[in-house]
Amino acid sequence: MSLGSPKAAAAVRREPDDDPDPRYLAFFECFNRQRFFEAHEVLEALWLVRRGTPRHLFYKGLIQLAGAFVHVQKNRPQPASALLEQARGNLQPYGPFCDRLNVAVLIERIGGWLRCVQAGDGSGLLAPGQTPFIELQSPRP
């Protein structure tokens, strides 16, 4: 199974039952470490093999979210804003929960991040204590 780049593959912390897909878990690990390019890349590897499935746009929305933050890191507010809007649109139908992700909460966060970027304060999103974070829910026992 390909995990994308070697950096993205190294970020994978294997779960004992490998459920959910390690690439999905690696996305959140990379994203929460501000390794947005690697997050995008590792989930793209999963998205490519899942094209045409019911989760296709869900993965695409997460990829767009990571891509938006790549642009935030490079101080490119217009493409960051466009990708945040696209991510929100692609993720919205999967709420309130999908694959251990509280999509409803994420949609709210995206709205806040979008307002910051559009107000010209996108760099503030990466300041200590303000960094974006996405938490997965614990699996049900």
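Here is a short chat about a predicted model, its helix packing and its cysteines.

Residues are numbered from 1 along each chain as its sequence is written, and side-chain values use heavy atoms, leaving out hydrogens and water. In this predicted model, local features need pLDDT of at least 70 and side-chain atom pairs count only at pLDDT 80 or more, while totals for chains, interfaces and linings use all residues.

Colleague: Hi! Is Q64 buried or exposed?

Modeller: Q64 is found in helix α4, residues 56–73 (helices are DSSP runs of H or I, at least four residues, numbered from the N terminus). Buried means under 20% relative accessible area, exposed over 50% and partly exposed in between, with a 1.4 Å probe and protein chains only. Q64 has 10% relative accessibility, so Q64 counts as buried.

Colleague: How are α2 and α4 oriented to each other?

Modeller: Helix α2 covers residues 22–32, and α2 packs with α4 at an angle of about 20 degrees (axes are lines fitted to C-alpha atoms, for helices over the stretch in contact, and angles run from 0 to 180 degrees between N-to-C directions). Angles under 35 degrees count as roughly parallel. Therefore α2 and α4 are roughly parallel.

Colleague: Which residues in α4 do Y24, F27, F28 and F31 in α2 meet?

Modeller: Contact here means heavy atoms within 4.5 Å. By that rule, the α2 residues Y24, F27, F28 and F31 meet F58, Y59, L62, L65, A66 and F69 in α4.

Colleague: And how many disulfides does a search of the whole structure find?

Modeller: A disulfide is a pair of cysteine sulfur atoms within 2.5 Å. The search of the whole structure finds zero.

Definitions and conventions
Helix = DSSP H or I, 4+ residues; strand = E, 2+ residues; numbered from the N terminus. Parallel < 35°, antiparallel > 145°, perpendicular 65-115°, else oblique.
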